[in-house]
Amino acid sequence: MKHLLSAADLSRDEAVLILDTAAELAAVTDRSVKKLPTLRGLTVVNLFFEDSTRTRISFEVAAKRLSADVINFAAKGSSVSKGESLKDTALTLEAMGADAVVIRHQASGAPHRLATSGWIGGSVVNAGDGTHEHPTQALLDAFTLRRHLRDGAGDLAGLRVAIVGDILHSRVARSNVLLLQTLGADVTLIAPPTLMPFGVESWPCRFSYDIDAVLPDVDAVMMLRVQAERMQAAYFPSSLEYSRMYGLDSRRMAMLPEHAIVMHPGPMNRGMEISADVADSPRAVMVEQVTNGVNVRMAVLYLLLGGRQEETR
Amino acid sequence: MDSRARTVLDDADIGRAIRRIAHEIVEKARGSEDLILLGIPTRGVALAHRIAEAIDAIEGTHVPVGALDITLYRDDLRLKPARALEPTTIPPGGIDDRTVVLVDDVLYSGRTVRAALDALNDVGRPAAVRLAVLVDRGHRQLPIRPDYVGKNLPTSLAEQVKVEVAEVDGVDRVTIWEGEDA
């Protein structure tokens with residue numbers, strides 16, 4: 001593995017290896033010395049063209065725990081705001097000796113372009129590109145599911161997962177469908193017809209417009225944020241109506257089986273897709289998802305950078 | 001098994017070596033209090049458990065056993081593709097102020113032990129660290145020496161030494177042969 005661009009690039013064995021590695025690295029988080037010398041001398045650049053709090057900090061913590069040097073590059077306040085292109089930014093980073101670039105970009109496909117253009121020699125990690133993919137989020141979700149529902153080992157064969165909300169604009173949903181399917185889980189997408197992507201019938205999952213019909217038969221439900229910033233049109237009449245039809249409140253949570261967990265990639269809009277009492281309930285694992293995110297990203301950085309680098313140029 | 005391979009220790013020899021190492025550990029530590037055995041995966045962990053059982057038989061006390069994976073501390077990580085990690089388990093209570101005995105199958109360059117000492121440093125501050133190995137084949141590249149040795153096995157650099165233990169390989173055996181990896 002040289003880059004991590006899409007959840008679809010991972011085979012079942014590669015995905016399980018990342019999860020197993022993350023599980024071993026999680027033990028480091030419990031120690032008083034939370035640092036490993038593994039990536040000493042390597043430089044990881046966080047190249048964020050889009051706002052992000054938890055993903056950027058998560059990657060930063062992960063790289064620092066492995067002793068890599070971290071450079072945070074935010075488009076705001078950089079030469080990008082003066083009109084610099086992705087290519088020139090990449091060439092600059094390459095000249096400074098970046099061993100890995102963690103990129104978030106508003107354009108779908110930007111990480112792929114960066115990885116295949118020959119502009120940089122290091123590894124590229126997709127930290128979210130447009131409405132396309134967010135593979136490390138899917139990995140941390142798979143890790144969380146495996147810990148709670150599969151005793152932390154193996155794959156997710158037979159696990160039933162519902163992903164509810166703004167599927168159309170969600171890179172998290174797309175990566176999760178691809179990865180969870182690879183790991184053997186059974187995914188059902190739930191959204192109003194206007195927020196269901198075109199061609200969803202060809203995705204490797206089921207879909208439904210009726211949340212109440214699906215909830216009693218799932219092991220986990222993943223609520224997605226309604227991404228108002230990506231919506232140029234009216235996709236539903238009012239937020240109150242959306243919340244009534246597709247939001248997870250305590251009445252709907254009671255329909256879930258006893259063992260089922262509630263997930264959310266964050267940031268949450270309390271009162272919109274998830275009610276406050278559900279978000280604060282013991283079945284909600286959002287805080288743990290953040291912790292797992294650091295472990296999974298450490299595993300990805302270690303597996304990409306820790307061994308011998310394959311020459312691609 | 002490679003046809004050129006020669007068995008230098010069989011299961012009875014290995015059993016005797018482990019019992020002797022257990023006696024030596026207890027003698028030097030004047031008992032088994034405050035001892036912790038940490039095996040280096042994979043085969044060192046199996047050997048550490050066996051030494052603990054032998055100490056149990058001698059002293060009637062239960063010595064805590066753990067595993068210390070050193071992959072992330074290796075100095076040759078960049079020479080091979082990224083390796084999978086093995087479990088690290090530190091017994092409850094930690095290693096602070098205890099005597100830690102590191103257990104590995106073969107002592108060769110000493111680089112694995114160097115990495116283990118670094119790893120130990122991040123886990124806690126033991127009162128003392130000792131090293132037990134089943135086979136010392138020589139050719140040290142670092143100033144490291146073992147405290148307890150099952151067998152000193154003078155080898156040439158062209159030779160390969162392989163330790164097999166029943167828990168991992170289904171058989172207890174140490175073999176040696178000349179040439180490439182089997």
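Two strands are taken to pair if DSSP finds at least two bridges between them. Helices (H or I, at least four residues) and strands (E, at least two) are themselves DSSP runs, numbered from the N terminus. The model described here is predicted, so local features need pLDDT of at least 70 and side-chain atom pairs count only at pLDDT 80 or more, while totals for chains, interfaces and linings use all residues. Residues are numbered from 1 along each chain as its sequence is written, and chains are lettered from A and ligands numbered from 1 in the order in which they are written.

B:T7 stands opposite B:T175, a residue of strand 8 of chain B. Strand 1 and strand 8 (residues 173-178) of chain B pair in the antiparallel sense, over three bridges. Both belong to an open sheet of three strands in chain B, with the order 1-8-7 and antiparallel pairing. Strand 1 (6-9) and strand 7 of chain B are the edge strands, each pairing on one side only.

Stepping back to the whole of chain B, the secondary structure comes to four helices and eight strands. Read from the N terminus, the elements run β-α-β-α-β-β-α-β-β-β-α-β. The radius of gyration of chain B, taken over C-alpha atoms, is 16 Å, close to the 16 Å that the globule rule (2.2 Å times the number of residues to the power 0.38) gives for 182 residues, so chain B is as compact as a globular protein of that length. Along the principal axes, the C-alpha atoms of chain B fill a box of roughly 45 × 40 × 30 Å. Of the 182 residues in chain B, 40% are buried, meaning that 20 or more other C-beta atoms, placed from the backbone, lie within 10 Å of the residue's own; 12 or fewer make a residue exposed, and those in between are partly exposed.

B:S156 is found between strand 6 (148-152) and strand 7 (159-164) of chain B. B:S156 counts as exposed because it has 10 C-beta neighbours inside 10 Å.

Finally, the contact between the chains (C-beta atoms, placed from the backbone, within 7 Å) takes 15 residues from chain A and 16 residues from chain B. Helix 1 of chain A gives the most to the side of chain A that touches chain B, with five residues.

Key. Two residues are in contact if their C-beta atoms, placed from the backbone, lie within 7 Å.
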